[in-house]
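Please look over the sequence and the structure first, and then follow the sections below.

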Amino acid sequence: MEELLTNLLGNSQGLFAYLTVFSVLVACGLGVPLPEDISLILGGFLAHKGAAHLPVMMAVGFFGILVGDSLIYLAGRRLGTRLGRDPG
């Protein structure tokens, strides 16, 4: 899984790099079994390589994690009580 993420993010640049890191972090927050740490480290590597700007990548990482966690929280808040009830 880490190798797939490394290959996906390793060659991306600019807007595609930001969108990829953001979408991977949102997916991780929703429960997809991908390591958040690897995508954050690769975002830092892309900034080091010059394919992205570090302050922008830091903001993308922060908001990606925040959006993913908020979405799963909202889903649990709205659907959580209904999922545990007996329909009959």
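## Overall fold

The protein chain has four helices and zero strands, and its elements, read from the N terminus on, follow the order α-α-α-α. The model is a predicted one, and the values given here should be read with that in mind.

Of the 88 residues in the protein chain, 28% are buried. The chain exposes about 5900 Å², and carbon and sulfur atoms supply 66% of that area. Among the contacts between residues at least 6 apart in sequence, 69% join residues that are at least 24 apart.

## The nonpolar core

The largest nonpolar core is made up of nine residues, namely Ala 17, Tyr 18, Val 21, Leu 25, Leu 46, Ala 51, Ala 52, Met 57 and Val 60. Helix H2, which spans 14-29, and helix H4, which spans 54-83, each supply at least two residues of this core, and the largest share, four residues, comes from H2.

When its neighbours within four places in sequence are left aside, Leu 25 is in contact with Glu 36, Ser 39, Leu 40, Val 60, Gly 61, Gly 64 and Ile 65.

Pro 35 lies in the loop between H2 and helix H3, the latter covering residues 36-49. Pro 35 counts as partly exposed because its relative accessibility is 25%, a value that falls between the limits of 20% for buried and 50% for exposed. Although Pro 35 and Leu 25 are ten residues apart along the chain, their C-alpha atoms are separated by 8.7 Å.

## Annotated regions and the nonpolar surface

An unreviewed UniProt entry lists residues 15-34 and 54-75 under "transmembrane region", and such annotations may be inferred rather than shown by experiment. In the model, residues 15-34 are 75% helix and 0% strand, with end C-alpha atoms 21 Å apart, whereas residues 54-75 are 100% helix and 0% strand, with end C-alpha atoms 32 Å apart.

Terms used. Residues are numbered from 1 along each chain as its sequence is written. This is a predicted model: local features need pLDDT of at least 70, side-chain atom pairs count only at pLDDT 80 or more; totals for chains, interfaces and linings use all residues. Side-chain values use heavy atoms; hydrogens and water are left out. A nonpolar core is a set of buried Ala, Val, Leu, Ile, Met, Phe, Trp, Tyr and Cys residues joined through side-chain atoms within 4.5 Å. Buried means under 20% relative accessible area, exposed over 50%, partly exposed in between (1.4 Å probe, protein chains only). Contact means heavy atoms within 4.5 Å. Accessible areas come from the Shrake-Rupley method with a 1.4 Å probe; for residues, only the protein chains shown count as cover.
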